[in-house]
Amino acid sequence: MSEFLAKLFIKDYKNVKDPDVRKKYGTMSSWVGIFTNVLLFSIKLFAGLISGSIAIMADAVNNLSDAGSSTVSLVSFKLASKPADRDHPFGHARIEYIASMIVSFLILNAGFNFLLDSGKKIFGFDTVSPVIELLPIILLSVSIILKFLLAMFYRSCAKKIDSGVIKAAATDSLIDSISTSAVLASSVIIKFTNFVLLDSIVGLCVSLLILFAGITILNETKNSIMGEAPTEELTNSIMEIISKYPDVIGVHDMIIHNYGPGHFIASFHAEVDGEKDIYALHDQIDNLEKEIDTSLGILCTIHLDPIETNNETVNMLKIFAEETVKEIEPNITLHDFRAVIGNTHTNIIFDIVLPFESKYSKEEITALICEKIQEKDSKIFCVITVDRG
């Protein structure tokens with residue numbers, strides 16, 4: 001369905017990297033969500049009023065909050081598409097993360113209210129019993145199909161444009177479809193068994209499911225706003241491009257900043273042979289930056305790190321240092337190795353990347369490496385810079 005609507009309403013719909021196309025996908029999905037959820041709210045409200053079922057009424061209000069969420073998404077895509085300005089030099093794309101957080105709060109509020117209503121029924125504060133007829137059951141069946149189709153539509157759009165706010169809507173819609181199925185099942189059971197308490201129990205379960213969805217979306221959005229590690233897929237894509245440039249011997253200190261979906265800024269150090277023409281190497285690095293930008297849409301800054309490759313003594317010292325470090329912590333990597341060789345002693349200077357999972361602190365690992373190197377050769381002293389990664 002998303003493909004059909006995209007062809008119908010979005011010019012050049014396959015060019016999802018174009019910010020304008022991305023905005024149109026977001027706008028289209030938001031309007032579809034608003035229309036479908038308002039329709040579902042009307043269907044379920046009618047079914048709930050006929051039957052007096054708290055579970056159906058809760059499900060109806062949940063769809064109304066979903067329509068509100070789609071409205072938030074609509075506004076967020078409009079704001080996120082604004083170009084960079086003096087106050088926001090990296091653009092406004094992170095507004096989508098804020099919109100996702102607002103959506104999660106709306107979901108949590110709806111879930112909490114349903115929880116209270118169900119509790120009142122279970123503990124006898126509300127004694128009105130539901131009367132389940134055939135029409136509400138038919139209406140719920142129709143709403144389940146519509147909500148599932150909406151979830152698949154959202155999921156398709158979210159995948160195309162990598163949108164967190166649409167992905168949140170897809171998750172919410174799928175959970176709504178499941179929860180409405182539970183409400184339908186309870187309605188059928190009540191009709192044939194007259195076990196009216198089941199309505200409140202299912203209402204309680206639905207509210208807990210809604211709360212879980214809200215917390216999940218909130219947690220994912222929180223991570224995006226705080227800053228999280230880049231995906232393995234993204235780093236592999238960058239490394240694949242780097243591998244095309246044989247003058248780049250090694251890469252370290254890679255940092256990728258996320259300023260919203262499709263807005264990444266990256267930097268890293270590229271090790272090159274220090275004996276080669278610096279102007280030719282600089283030209284290659286410029287080409288590498290441009291290719292990463294063109295292919296992946298990542299604005300990249302690369303620091304040139306010239307290293308010695310033909311000094312046998314330095315190479316041996318580097319191997320010695322790497323082997324010593326691996327004995328202490330196998331997952332540590334070493335880079336930016338230099339050596340100052342003297343008559344009485346040798347200083348080796350290098351950086352290490354200490355994994356976040358390591359049991360050692362920066363101070364502990366530095367002391368251990370220096371001690372281990374001194375044990376093997378008392379004439380070698382080391383100066384270590386520790387990065388976390």
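**Entry 1: D273**

I started with D273, which lies in strand β2, residues 264-273. I note that the model is a predicted one. I looked for a salt bridge and found none, although D273 is buried. The nearest side chain of opposite charge belongs to K276, 5.3 Å away. A salt bridge needs the two atoms within 4 Å.

What does the side chain of D273 have beside one of its polar atoms? I found the backbone nitrogen of E275 at 3.0 Å from that atom. I then listed the residues that D273 touches, leaving out those up to four places away in sequence: I249, L281, I307, T309 and N310.

**Entry 2: α1 against α5**

I turned to two helices, α1 (residues 2-9) and α5 (residues 134-161). I recorded an angle of about 60° for their packing, and their axes are 9 Å apart. On the α1 side, I found S2, E3 and L5 making the contact; on the α5 side, F153, S156, C157 and K160. Sorted by class, the contact has 3 nonpolar, 2 polar and 2 charged residues.

**Entry 3: two positive phi angles**

I checked phi next. Most residues other than glycine have a negative phi. D253 is not a glycine, yet its phi is positive, about 55°. I placed D253 in strand β1, residues 250-258. Is D253 buried or partly exposed? Its relative accessibility is 25%, so D253 counts as partly exposed.

D336 also is not a glycine and has a positive phi of about 55°. I found D336 in strand β4, residues 333-341. D336 counts as buried because its relative accessibility is 13%, and the cut-off for buried is under 20%.

Methods. Residues are numbered from 1 along each chain as its sequence is written. This is a predicted model: local features need pLDDT of at least 70, side-chain atom pairs count only at pLDDT 80 or more; totals for chains, interfaces and linings use all residues. Side-chain values use heavy atoms; hydrogens and water are left out. Helices (H or I, at least four residues) and strands (E, at least two) are DSSP runs, numbered from the N terminus. Buried means under 20% relative accessible area, exposed over 50%, partly exposed in between (1.4 Å probe, protein chains only). Lys and Arg count as positive and Asp and Glu as negative; His and the chain ends are not counted. A polar contact is a pair of N or O atoms within 3.5 Å; within protein, one must be able to donate a hydrogen and the other to accept it, and residues adjacent in sequence count only if both atoms are side-chain atoms. Contact means heavy atoms within 4.5 Å. Axes are lines fitted to C-alpha atoms, for helices over the stretch in contact, and angles run from 0 to 180 degrees between N-to-C directions. Ala, Val, Leu, Ile, Met, Phe, Trp, Tyr, Cys and Pro count as nonpolar, Asp, Glu, Lys and Arg as charged, and the others, Gly among them, as polar.
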